[in-house]
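Dear colleague,

Please find below the structure I am handing over to you, together with its sequence. My findings follow it.

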Amino acid sequence: MAQVHLLDKLPKTRRNVCARAEAKTAERVDIASKFGEQYFDGPREVGYGGYRYDGRWIPVARDMVRHFRLKPGDRVLDVGCAKGFLVKDLMAVCPGLEAFGLDVSEYALSRCEPEVVGRLQLASAERLPFPDRSFSAVISINTLHNLERPVLLQALKEIERLAPGRAFVQVDAYHTEAQRELFLRWVLTAKFHDYPKGWLKLFEEAGYTGDWDWTVVEE
Ligand SMILES: C[S@@+](CC[C@H](N)C(=O)[O-])C[C@H]1O[C@@H](n2cnc3c(N)ncnc32)[C@H](O)[C@@H]1O
């Protein structure tokens with residue numbers, strides 16, 4: 001297990017932390033936490049401000065295929081797949097790869113890309129409806145921190161069960177007190193976040209042996 005920067009090729013998004021912090025209310029946090037239309041395609045104050053396919057995941061998908069040495073016929077699962085952009089791009093960059101996704105958002109799944117229809121399902125990360133060792137790799141990007149610690153622990157165990165030592169999770173973290181403060185001003189939906197040390201302790205507790213990286217909020 002290792003820290004690997006698999007999202008390095010995503011365009012860097014500049015975040016207006018001040019605007020978000022000023023606009024943040026309990027009501028908006030509540031709306032965002034439903035992961036419905038407002039979160040994905042509503043105003044920026046409650047989420048993405050428009051979650052649309054633009055091909056940005058293609059270079060990331062290539063790096064994932066290379067990192068896990070995926071080949072046609074292998075099965076990959078994206079936990080927290082939203083509209084299935086990464087699922088689509090994994091299959092585009094490695095024809096014959098069997099990619100699947102799951103998410104708790106009925107809204108996102110119902111607006112998925114046409115190429116992934118029939119490959120995504122409604123489920124939650126702590127109960128993955130698949131047999132042991134049924135995937136060549138499991139990926140979960142910016143999703144697991146939306147779970148409370150005990151549920152997150154269970155989700156990591158589930159990921160490990162499906163693909164022992166062959167997973168990648170990207171989660172919210174911070175390295176300094178200043179980064180932590182910035183994160184707290186920005187965050188809408190995360191229920192668990194920590195310094196790397198806290199995350200690594202959680203990985204160990206869960207017996208998680210896959211790879212990881214941190215999402216650190218920057219202005
Ligand atoms: C920040 S979005 C990330 C979406 C996608 N992975 C990406 O990076 O573009 C978080 C996603 O996690 C999903 N999610 C939240 N709680 C979840 C859970 N318990 N199980 C599975 N997905 C969940 C949300 O619906 C949303 O699609």
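Six strands form an open sheet in the order S3-S2-S1-S4-S5-S6, with parallel pairing. Strands (E, at least two residues) and helices (H or I, at least four) are DSSP runs numbered from the N terminus, and two strands pair if DSSP finds at least two bridges between them. Strand S3 (120–122) and strand S6 (211–215) are the edge strands, each pairing on one side only. From one strand to the next, the twist averages 20°.

This is a predicted model, in which local features need pLDDT of at least 70 and side-chain atom pairs count only at pLDDT 80 or more, while totals for chains, interfaces and linings use all residues. Residues are numbered from 1 along each chain as its sequence is written, and side-chain values use heavy atoms, with hydrogens and water left out.

Strand S1 (residues 75–79) pairs with strand S4 (residues 137–141) in the parallel sense over three bridges; Asp78 has Ile139 in S4 as its bridge partner.

Polar contacts are pairs of N or O atoms within 3.5 Å. A nitrogen atom of the ligand lies 2.7 Å from a polar backbone atom of Gly80, and a ligand nitrogen atom is 2.8 Å from a polar side-chain atom of Ser124. For a polar backbone atom of Ala125, the distance to a nitrogen atom of the ligand is 3.0 Å. The protein covers 93% of the 590 Å² of accessible area (Shrake-Rupley method, 1.4 Å probe) that the ligand has on its own.

Kind regards

Notes: Axes are lines fitted to C-alpha atoms, for helices over the stretch in contact, and angles run from 0 to 180 degrees between N-to-C directions. A polar contact is a pair of N or O atoms within 3.5 Å; within protein, one must be able to donate a hydrogen and the other to accept it, and residues adjacent in sequence count only if both atoms are side-chain atoms.
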